[in-house]
Amino acid sequence: MSKVASYLQEHIQGRVSTNAAVLQAASVDSGLLAITPEMVIYPKLTSDIRKVARFAWQLAEKGHVLPITARGSVTDTSGAAIGKGIILNTTAHMGKILELDTKQRLVRVQPGLNFKSLQETLHTHGLFVPAYPANYKYSTIGGAIANNASGEKSFKYGSMNDWVEKLEVVLANG
């Protein structure tokens, strides 16, 4: 494990991997491109993402650029889920529904939550997110938002950005 990976592993609650098989798996998405990352990080908390972003920012200020790429279920075919630096994979630990308020028709979720799982939970309460992407069975909410996903119901209801009220975002400097 590199010094950077070891440092990050000591400072986050999630897991850092530089295993060759993990890096190989993270080097592709559902498209044709391939880029092998330096490490894959599985954050457990938003604070893990903040620490990784702040550390990468500090390294960049010293001339060592270490790009960060967010990654979910890898259903994208554009290469958006691959990168040469750090891959932040949110599906391992950040895939939960944090709050569901049926009266206000609001749901607060983590980015690694499977879109289909969210829809199934919402349907039990007579609710749904209308922007069904074609790959909703496999995609994550974070990816759907990042790509402003749309699908068969989008003509009537709009795409993902029409159904997002708030986002908690970690900036590049942490």
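Biologist: How far apart are the mean positions of the positive and negative charges of the protein chain?
Modeller: They are 3 Å apart, for 18 positive and 13 negative charges. Lys and Arg count as positive, Asp and Glu as negative; His and the chain ends are not counted. Each charge is placed at NZ of Lys, CZ of Arg, CG of Asp or CD of Glu.

Biologist: What should I know about the source?
Modeller: This is a predicted model: local features need pLDDT of at least 70, side-chain atom pairs count only at pLDDT 80 or more, and totals for chains, interfaces and linings use all residues. Residues are numbered from 1 along each chain as its sequence is written, and side-chain values use heavy atoms, with hydrogens and water left out.

Biologist: How many residues are in the largest nonpolar core?
Modeller: The largest nonpolar core has 15 residues; Val-4, Leu-8 and Ile-86 are among those with the most contacts inside it. Such a core is a set of buried (under 20% relative accessible area, 1.4 Å probe, protein chains only) Ala, Val, Leu, Ile, Met, Phe, Trp, Tyr and Cys residues joined through side-chain atoms within 4.5 Å.

Biologist: Which element gives the largest share of this core?
Modeller: That is α3, with 4 residues.

Biologist: And what does Val-4 touch, beyond four places away in sequence?
Modeller: Val-4 touches Met-39, Phe-55, Leu-59 and Leu-66. Contact means heavy atoms within 4.5 Å.

Biologist: Which residues are in the other core?
Modeller: That core lies apart and has 11 residues, including Leu-113 and Ile-141.

Biologist: New topic. How much of the chain is buried?
Modeller: Buried residues make up 36% of the 174 residues.

Biologist: What does the C-alpha trace span along its principal axes?
Modeller: About 50 × 35 × 25 Å.

Conventions. Buried < 20%, exposed > 50% of the residue type's maximum accessible area, 1.4 Å probe, protein only. Helix = DSSP H or I, 4+ residues; strand = E, 2+ residues; numbered from the N terminus.
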